[in-house]
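Here is a short report on one protein model. Look at the sequence and the structure first, then read on.

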Amino acid sequence: ETGRKKKLMKESADKRSVLADALELVREGHLSDAEIDNYETISENEKTLLKLISGLFEGLRNKDESMEELWDLIRQLKKRLGEE
């Protein structure tokens, strides 16, 4: 699916479609900054915005992982305290 979207983005002349697909791929973490730079149908400002959004989504994914690790540690601690 990701590969299909990337291919369609390269072939599409419809700027809205390219941006919509790029945003979805960025949100899913499937589009790198280098890949964003390769799209000629979108402006430099739009590329910059996509890269910024990509970084924000990456930060959120990392925070989610960190929070899940913390919750696991809390669960383990509660379990240990309940066993003692």
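## About the model

This is a predicted model, where local features need pLDDT of at least 70, side-chain atom pairs count only at pLDDT 80 or more, and totals for chains, interfaces and linings use all residues. Residues are numbered from 1 along each chain as its sequence is written, and side-chain values use heavy atoms, leaving out hydrogens and water.

## Overall fold

The protein has four helices and zero strands. Helices (H or I, at least four residues) and strands (E, at least two) are DSSP runs, numbered from the N terminus. Along the sequence, the pattern reads α-α-α-α.

Of the 84 residues, 19% count as buried. Buried means under 20% relative accessible area, exposed means over 50%, and partly exposed lies in between (1.4 Å probe, protein chains only).

## The core

Which residues form the largest nonpolar core? It has nine: Val-18, Ala-22, Leu-25, Val-26, Leu-31, Ile-36, Tyr-39, Ile-42 and Leu-50. Helix 2 (residues 15–28) gives the most to this core, with four residues. A nonpolar core is a set of buried Ala, Val, Leu, Ile, Met, Phe, Trp, Tyr and Cys residues joined through side-chain atoms within 4.5 Å.

Leu-50 touches several residues, among them Leu-19, Leu-23 and Ile-36, not counting residues up to four places away in sequence. Contact means heavy atoms within 4.5 Å.

## Helix 4 and Ile-74

Ile-74 lies in helix 4 (residues 44–83). Ile-74 counts as partly exposed because its relative accessibility is 37%.
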